[in-house]
Amino acid sequence: MSQSITVSWSTFDARYPEASVQVDKLSNHDLILRCQIGLRPDRAAFAELLRRYQSQVDRVLYHLAPDWPDRADLAQEVWIRVYRNINRLQEPAKFRGWLSRIATNLFYDELRKRKRVVSPLSLDAPRSVDDGEMDWEIAGDTPGPEEELTTREFYEQLREAIADLPEVFRTTIVLREIEGMAYEEIAEITGVSLGTVKSRIARARSRLQAQLQNYLDT
């Protein structure tokens with residue numbers, strides 16, 4: 001990135017004073033409302049909001065830019081943008097989608113700056129296989145070591161298959177299958193028609209199924 005990011009996750013918790021009401025007891029909706037009061041977001045409330053949603057930002061960026069070594073910097077930039085613009089969010093119930101939109105838009109901004117297509121996921125990149133983002137099922141009620149190995153291999157292949165998708169397909173399938181967004185939300189985030197979103201998701205699913213057919217048939 002062109003500028004270094006000076007904000008770190010720890011600075012929020014370290015600097016933000018205790019509120020009269022424990023912020024960890026507040027609902028997500030109330031946290032957002034508290035962040036929208038005043039000229040700047042309430043620090044304790046914002047720190048709690050960051051804690052609750054940090055994994056979502058990391059997950060979105062991981063799947064959109066699996067091989068980028070500076071994803072942590074991008075994630076911090078996402079929260080800087082959230083901090084600066086949360087007062088503009090008119091419907092707190094849509095915070096999750098709004099957050100994903102900021103992360104997605106930041107990814108596209110960086111992609112345009114770099115003027116290159118994201119390469120496939122590195123085989124040396126760390127992977128987590130226990131979050132089961134895609135709605136695929138592996139047969140077996142009590143998997144043994146062999147079944148567990150098959151499942152692990154399947155999710156590794158799935159992640160690589162997603163990384164290999166063309167950018168527009170990868171974005172829509174990530175927002176739909178991993179973030180669980182409605183088609184209408186995806187259309188709004190990506191700036192294309194509802195029909196285009198459905199078409200891209202269908203084609204992305206078709207490609208993934210073709211690449212993973214050996215696992216789906218077992």
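Which residues form one aromatic cluster? Select F46, W79 and Y83, for these three make up one such cluster. Rings of Phe, Tyr and Trp (its six-membered ring) are paired if their centres lie within 6.5 Å; planes under 30 degrees apart count as stacked, over 60 as edge-to-face and the rest as tilted.

The model on display is predicted: local features need pLDDT of at least 70, side-chain atom pairs count only at pLDDT 80 or more, and totals for chains, interfaces and linings use all residues. Residues are numbered from 1 along each chain as its sequence is written, and side-chain values use heavy atoms, with hydrogens and water left out.

**Stop 1: aromatic pairs**

Across the whole structure, a search finds six aromatic pairs. Select Y53 and F95: the ring centres are 4.9 Å apart and the planes stand at 70 degrees, so this pair is edge-to-face. The pair links distant parts of the chain, with Y53 in helix α3 (residues 43-64) and F95 in helix α5 (residues 95-114), 42 residues apart. Helices here are DSSP runs (H or I, at least four residues), numbered from the N terminus.

Both Y53 and F95 are buried, a word that stands for under 20% relative accessible area, whereas exposed stands for over 50% and partly exposed for values in between (1.4 Å probe, protein chains only). F95 has a relative accessibility of 1% and therefore counts as buried.

W98 is buried, its relative accessible area being 13%.

**Stop 2: the nonpolar core**

Next, display the largest nonpolar core, which has 33 residues. Such a core is a set of buried Ala, Val, Leu, Ile, Met, Phe, Trp, Tyr and Cys residues joined through side-chain atoms within 4.5 Å. The residues with the most contacts inside this core are L49, V78, W79, V82, I86, F95 and L99. Helices α2 (28-35), α3, α4 (71-85) and α5 each supply at least two of its residues. The largest share, ten residues, comes from α3.

Remain on helix α3 and select R43, which is placed in this helix. At 39% relative accessibility, R43 counts as partly exposed.

**Stop 3: salt bridges**

Side chains of opposite charge can pair when their charged atoms come close. How many salt bridges does a search of the whole structure find? The search finds seven, a salt bridge being a side-chain nitrogen of Lys or Arg within 4 Å of a carboxyl oxygen of Asp or Glu.

Select R101 and E188, which form a salt bridge with their closest N and O atoms 2.9 Å apart. R101 lies in helix α5 and E188 in helix α8 (residues 183-190), so the pair ties together parts that are 87 residues apart in sequence. R101 is partly exposed, with a relative accessible area of 25%.

Move to R205 and E177, another salt bridge, whose closest N and O atoms are 2.6 Å apart. R205 lies in helix α9 (residues 194-211) and E177 in helix α7, so this pair ties together parts that are 28 residues apart in sequence. R205 is partly exposed at 28% relative accessible area, while E177 is buried at 18%.

Salt bridges that share partners also join E48, R51 and R52 into one network.

**Stop 4**

Select R170 in helix α7 (residues 167-178). R170 is buried yet has no salt bridge; the nearest side chain of opposite charge, E167, is 5.6 Å away. For such charges, Lys and Arg count as positive and Asp and Glu as negative, while His and the chain ends are not counted. The side chain of R170 does reach the backbone oxygen of L64, at 3.2 Å.

Finish at Y183. The charged end of R176 sits over the ring of Y183, 4.3 Å from the ring centre, and the charged end of K198 sits over the ring of Y183 at 5.7 Å from its centre. A charge sits over a ring if NZ of Lys or CZ of Arg is within 6 Å of the ring centre and within 35 degrees of the ring normal.

Methods: Polar contact = N/O pair within 3.5 Å; in protein donor to acceptor, adjacent residues only side chain to side chain.
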